[in-house]
Each structure stands twice: as C-alpha cells, then as structure tokens.
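Let's look at this structure together. Take a first look, and then we'll go through it in questions and answers.

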Amino acid sequence: MNINKTNITMLTEIFIEKNFPKGKLTLVGGRPAIGITSFAISLTISLAKFNKRCIYFSVGMEEQQLIEKRYKRQVDIEEYNAIAGNITIDDTWEDLNTSYMRKQIELYQPDYIIIDYIQVMTCNHPSMDRKTEMQAILRELKTLASDCKISVIGMTRLKIFYKDNASYFLSPDIFKELLSDNLEDINLTCIHRGDHFRIYEYGSNGEVAFGKTKFITYHDNNPEITYLLFNPNTIRFSMFPSVMYIHGLSSSGASSTASNLRKLLPQYDVLSPDLPIQPQEALTMLKDLCELYKPEIIIGTSMGGMFAQQLRGYKKILVNPAFHVSEFMRTQLGVHDFLNPRKNGETQYEITSKLCDNYQAIEANQFADITDFDIKNTYALFGTQDTLVHGYDEYIGYYRNAMMFEGEHRLNFEILKKIVVPLAKIIL
C-alpha cells in the first residue's frame, strides 16, 4: 500500500461526531509510544479542516516546536497555513486546571478542546492524595464540557500490563489512576495496536497492512472497534482504507464471501454489515456507513448489488445484481432461515406481501440521479451459468462497464480470487 500525505483519508466528520460528542468528556487511552499525541494532532487537523475551532493544550512541547516537529510533519506547509486559524495551541501547562481552561474557552470560543494529557493537570482545590485529585479533575472536566456545551477530549495513560492480550483492551477498566467508579458518564475510548513496537502487520497472504490500529469505544461495557491507519513516516492517523461488501437475501455479514475477501484483501478493512430485512432501513444504514468509513470500493452480490448500485459517488462492483429481488421474493412468501449467523442472534425472517411491496418501491427509483462518476466507476460481473437473476440488459441501459464470467449465481473462492479481487485492484 503506497501511503503519503495526499492519498489518505483523514478522520471523517462522522467518525468525530460519533466518538467525541458535544457536552461530554471523552478519554482517549493509550500505552506509552502508541501514538496518542499523534492521534490528538491528527484529530485537531481534521477538526480544523471541517472549520471547527479547537484549543490544543500541549504538555512538554512548546508551541513552535509542536508546529514544526508535529503538525507540519502530518500536513504540508500550505495545508497547515490554510487551517492554522482554527487551531489554538496552549503550551502553558504548569498550572493547567479547569479554571484556566474556562478563561481560554471564553477567549477563543472553541468547538473542541484537547488535553494532552490529563495526568499532568492540577485540580482547582489541590489535595495531598493524587487519586483524590484525579477524581476531582474528572468531575471538573465533565462539568466544563456540560457548562460550555463543547467536546472535551483528554488523552490519558493506560495501566501497565505484561502480556499483549487483545482481550485486555475489550474492558474499560484499563485507565491509569482512574477508578471505574469515577468513569460514570464519561465517553471512554482507547487506541491499541497488537505489538505497538512493530510498524507493519502482515495479512494471510504475506502482504503488508501498514499500521493497522484499533480505535475502541466502550458503550455500556461493549467494545466497538473502528480501524485506523497510522503512518510512522508522517506520524498521522487517518481512516483505514476500507472495502464494503454487501450480501444478498438470506445471508449476513458473516458470509463466506466476506471472510474470503478479508483473506484476499488483507491491506483493507472489509466492512460487511448485516442488512436489516426492511429495504429502506438497509439503504439508510449503508449510506451512513459510507459517510463514516468512505470505502475505497463497494462490492455487492445479488440483492447486495441492487443496494450497492444506489450508493452514489463510490467505486462499485456489482456481481449478479438482483435489480428486482421483489419478484423472486413474491414466490417465497413465508418464514425462512438465515444462511449465516447474524450479530443480533436472529435465525429467521419472514417474507410478506408488504415486505415485497417495500422492496418494489425501492427498486422503482434505483437508477435515479446517476452521475458521470458513477457511470465511469461502476462495474458489473454476470455469471454465464446464473439461473436466478438476469440483470445484464437493464444494467447496460445505464452503465457501460460489464463483464461475463464462467460461474453461477453464488460466488466461490476461486471466482473471488481470479476475477472479482483482480478487478477490484485494477479499479483501486
């Protein structure tokens, strides 16, 4: 994967809004040398590009040094100059407390403040006991976020441990000097890379996945993972390049096609969501995921091809697309088993006439608003032995990139390896 300053996707606005809500305190934990300062700067740069004002409270590095050695390493000088007006760097940290922060907030009116890191803060009413002080600091930061209606983001250290056990990071009880009783109503996140002293991770076929990093958010003790890319040359975090796979009827995100794509494309995060059975809910969810992850390419099979075709502005491969799945569904009324496990544990779904009507409504306008970009960057593969759907004639009425392959409706590993993935790499 060739990575430089110009071909990476910064942290998306949806990622930021989802993980750093306004009016709340968010903690971002990390081990020493994992890059939490680099993440904080990447976050600041991304916010500034979205025209959000932020104050960065720096510890241990003066403003000019921080700009020259950190900010301008992540972005070009011209790019930094364009966004510098949205960034205030405060390197006065000896007596950094929330009373001082309130004055800076009143002066600069930021949308976000970033503290790197909270263990060097002092509380407004110092105590001999550091744990008591940290409890007070957390309370003061929560109140600050609520009162000022801004997002307060604090970098923090994690507890020391000696075994690189991935499950360790799936519990929020890992923050140094912060007791679980003090973390109520705080948005908890952390950054984790399996062996953070390695720059590279290798996929199953030996290809390098450059700096794949887990950003973990804890919701009611349930971890939610978003993969980020860390470039050790620019010390910048960005969204990890992703491919979205959209499954067909009766399937799920745990299909063999999804797992095979992960084996064949280890340098990408293969997103494979379980589609809601209601078509409008499915389409809305897919659009939201696209906004969050900005996938490099979308691959949809059968019914998934019908949904993929409607996601405007993305490179796409439609494999045996079922543009009128409602017609098939009307012959299959009743209860059916899902072919693959689903995350919500559901094992069956029901096809009703109403559900078929809902799909037919989605299908009626599925070719609306096609852009020149879509025409140029949408490809379709049609199996010569597909006996279930025949969408070639309708597809070619709107698009031009179509290929036939020797295969049936459902994909197997060999078709993915020899046809689908090579085409995806050409498009990418």
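## How do we know?

Q: Where is the place of Tyr117?
A: Tyr117 is in the loop between strand S4 (112-116) and helix H6 (130-148). Those labels come from DSSP runs: helices are H or I with at least four residues, strands are E with at least two, and both are numbered from the N terminus. Keep in mind that this is a predicted model: local features need pLDDT of at least 70, side-chain atom pairs count only at pLDDT 80 or more, and totals for chains, interfaces and linings use all residues. Residues are numbered from 1 along each chain as its sequence is written, and side-chain values use heavy atoms, with hydrogens and water left out.

Q: Is the peptide bond from Asp116 to Tyr117 cis or trans?
A: That bond is cis, and its omega is near 10 degrees.

Q: How do you know that S4 pairs with strand S5 (residues 151-157)?
A: Two strands pair if DSSP finds at least two bridges between them. S4 and S5 are joined by 5 bridges, so they pass, and they run parallel. Asp116 has Met155 as its bridge partner in S5. Helix H6 packs on the sheet here, touching S1, S4 and S5 (contact means heavy atoms within 4.5 Å). The direction of H6 makes about 130 degrees with that of S1; axes are lines fitted to C-alpha atoms, for helices over the stretch in contact, and angles run from 0 to 180 degrees between N-to-C directions.

Q: What makes S3 and S11 the edges of their sheet?
A: The sheet is open, with 9 strands in the order S3-S2-S4-S5-S1-S6-S9-S10-S11 and mixed pairing. Strand S3 (87-90) and strand S11 (236-239) each have a single partner strand, so one side of each has no neighbour in the sheet. On average, neighbouring strands of this sheet are turned by 25 degrees against each other, direction ignored.

Q: Why is strand S6 (residues 187-192) called mostly covered?
A: Buried means under 20% relative accessible area, exposed means over 50%, and partly exposed is in between (1.4 Å probe, protein chains only). In S6, 6 of its 6 residues are buried. Asn187, Thr189 and Ile191 are buried on one side, and Leu188, Cys190 and His192 on the other, so both faces are covered.

Q: What makes a group of residues a nonpolar core, and how many residues has the largest?
A: A nonpolar core is a set of buried Ala, Val, Leu, Ile, Met, Phe, Trp, Tyr and Cys residues joined through side-chain atoms within 4.5 Å. The largest has 73 residues, and among those with the most contacts inside it are Phe15, Phe20 and Tyr71. Helix H2 (residues 36-49) gives the most to this core, with 8 residues. A second, separate core has 28 residues, including Ile105 and Leu183.

Q: Why is Ser250 called buried while Asp369 is called exposed?
A: Ser250 has a relative accessible area of 17%, so it falls on the buried side. Asp369 is at 67%, so it counts as exposed. Ser250 has a positive phi of about 75 degrees although it is not a glycine, and Asp369 has one of about 60 degrees, again without being a glycine. Ser250 lies in the loop between strand S12 (242-246) and helix H7 (256-264); Asp369 is in the loop between helix H11 (353-364) and helix H12 (372-377).

Q: What makes a space a cavity, and how many of 30 Å³ or more are found?
A: On a 1 Å grid over the protein atoms alone, a cavity is a set of points where a 1.4 Å probe fits but cannot get out; lining residues have an atom within 4 Å of a point. Grid points are joined across faces, edges and corners, and the volume is the space filled by probe spheres set on the points. The search of the whole structure finds 1. The largest cavity has a volume of about 60 Å³, and its lining includes His247, Ser250, Phe338 and Tyr359.

Note on methods:
1 Å grid on protein atoms, 1.4 Å probe; cavity = no way out; pocket = protein on both sides within 12 Å on 5 of 7 lines; lining within 4 Å.
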